Amino acid sequence: MEGNLQNLFLGFSTVFTATNLFYSLIGCLIGTMVGVLPGVGPLAGISMLLPTTFGLNPASAIILLAGIYYGAMYGGSTTSILMRIPGEAASVMTCIDGYAMAQKGRAGPALAIAAIGSYIAGTLSVVGLMFLAPPLARFALGFGPPEYFCLLLCGMVVLGYMTGGSVVKNLSMIVLGLLFGMIGIDQMTGYFRFSYGIVALGDGIGIVPVAVGLFGISEILATAGQTKRPVVIKPRFRDLFPSREELRDSVGPIGRGTVMGFLIGIIPGSAHIISTFVSYALERRISKHPERFGKGAIEGVAGPESANNAASEGALVPMLALGVPTGPIPAVLLAALMVHGINPGPLFIKEQPVIFWGLIASMYVGNLVLLLLNLPLVSIFVNFLRVPYKVLYPTILMFCVVGVYAVNSSLVDVGIMSIMGLLGYVLRKMDFETAPMVLGVVLAPIIEVSFRQALAMSNGEYSIFVQRPISAVFLVGALAMILLALKPLIMKKKDWRERLTEAEKSN
Amino acid sequence: MTIDRVSGTFFILLGLFVIWERRVLPLGTTGNPGPGYFPLLLAILLILLGGLLVIHGGHAIALRSVKWPEARTAMAILGCCIFATLGMETIGYRVTMVLILGFLFGILERLKIWQVLALTLSLALGSFWLFDTFLKVPLPRGGFGF
């Protein structure tokens, strides 16, 4: 406890410099814009802006990128409430009651409660992250290749199960991502694999062109030709204050959303999306007036918004403690650390205390900055929604191209981005989730090397994976997930995942 | 033909392609896997998953009911990405972006000429200044040094 407080003091001394405060502020502002604009999710936003951090020191860079990440989570609620268009996927549930409140002239309080809930959830989740990540990292120091292989295998099965839609389709996406991750030089033997004489492919396919292609370009392609001008409700600052009753009704949902969101956030998959659905369902179930849900219940805004912000910070726990991303956004943040010469993994917190604790402290500051800036500036952010799409998408396309090129100064990366954009566009039409594929690309080299090193350790005996207790636990976890996934096929009954997917599509 | 069956067939063919392409890589043994081992495992897994999609995909939506109203515009935008890939190092970032943005704003979206000029020049030159000059991330200048 005392050690944590001392480290937190170190973190605040890192953040409370004019430069880092400035980057935290800028990150939050850009993140909010990214969250507000439909079609530019946090993943594409962070990937596109990654090159802008190259000239910064690692602490400033990660503070800026993390600001964009949780800023986007805040910003996503604005379009959901004012236009019934989720700025990003985790804001889908906010649309229901948030927009209903806006139609009743209560857009201001809905936005205020979303911001307050996000602030509380964000801040409390940082406390959780602060206390959970260091001991988890210490525990993971005992992990060898077999444990890492089984952890990643379990993580991928959980990812396949927890991402919405068909498990088979999600697993196909993971395997496809792993196959793309095989391209390049084999780390253990130096063989060139599937590179077809293109030297630039020797280092493999980068996460940034894949992420920007699948999430940025494919979104532009899928929404091309859109001419509809959105109707935007513009709230005034004086209308933002919620009533005493609305505040009282929000306390419980914010608390429950925070705890649930943080815990769900640690699990691989679309955790921040799932947490909002679970939170909404729970609030509706325990409400004395469930009939108000869907017609403008403040609990339907407070719970999901708190849950998605808590989940987005919970997702950083495995990334910072183990060096294992649980979703595409932590994967890009991990790539950002690597670009700055930092090796993620269990030793990260010990070896890079300034960056880790600086990031933690910046989150406390960033959440406060978002609360203080977002509400007064909401009418300004709303103006971004008035930019016609035919002006917006070429601008986003330009940033995609320059952002991807700038990472390695490589046009091959721009080509990969284009191919991934086309693939993502077709896959969307075929009803596939592309997030598992991104994670497959990132994890492919780690999982393969762990597998081969584990076999080298055991002289080729596969029993090493079940003899070591931690790896055996992960394998049992993976098996349990597979059985759960098979249950609806055997029982011929809709499970919670199918109901969730249907609810998501109906909004 | 449903979308799941089409996707499943694609995955099976892709898996077979990977198995064929992998033949030049040493496979190693089960106890000491070589560089071709993991790709082979993944290809087999992809074929199995593709097979499952084909078998269970009968109830998915039909391919012909998938609408592609934006496909022409999407292909034009994708063409711009390919043009950037092929042309940026030859004609430079600024010229490439002026051509791409000019095409998108002027021809595809039919904005007024002054809007096209203002947006194209400000975005192409502004992004060059931001990344290359201000952030010191080098962008290609092309054969003309521009």
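Visitor: Where in chain A is A:Met73 placed?
Guide: In this predicted model, A:Met73 sits in helix H4, which covers residues 58-83 of chain A.

Visitor: Why is A:Met73 called buried?
Guide: A residue counts as buried if 20 or more other C-beta atoms lie within 10 Å of its own. A:Met73 has 31 other C-beta atoms within 10 Å, so A:Met73 is buried.

Visitor: Which residues does A:Met73 touch, leaving aside those up to four places away in sequence?
Guide: The contacts are A:Gly35, A:Pro42, A:Ala90, A:Ser118, A:Asn308, A:Asn309 and A:Ser312. As for A:Gly41, its C-alpha atom is separated from that of A:Met73 by 9.2 Å, and the two residues are 32 residues apart along the chain.

Visitor: What is the phi of A:Phe194, and where is A:Phe194 placed?
Guide: A:Phe194 has a positive phi of about 50°, although A:Phe194 is not a glycine. A:Phe194 belongs to the loop between strand E2 (192-193) and helix H9 (207-222) of chain A.

Visitor: Why is A:Phe194 called partly exposed?
Guide: The class lies between the cut-offs of 12 or fewer for exposed and 20 or more for buried. With 19 other C-beta atoms within 10 Å, A:Phe194 is therefore partly exposed.

Conventions: Residues numbered from 1 in each chain as written. Chains lettered and ligands numbered in written order. Predicted model: local features only at pLDDT ≥ 70, side-chain atom pairs only at ≥ 80, totals over all residues. Helix = DSSP H or I, 4+ residues; strand = E, 2+ residues; numbered from the N terminus. Contact = placed C-beta atoms within 7 Å.
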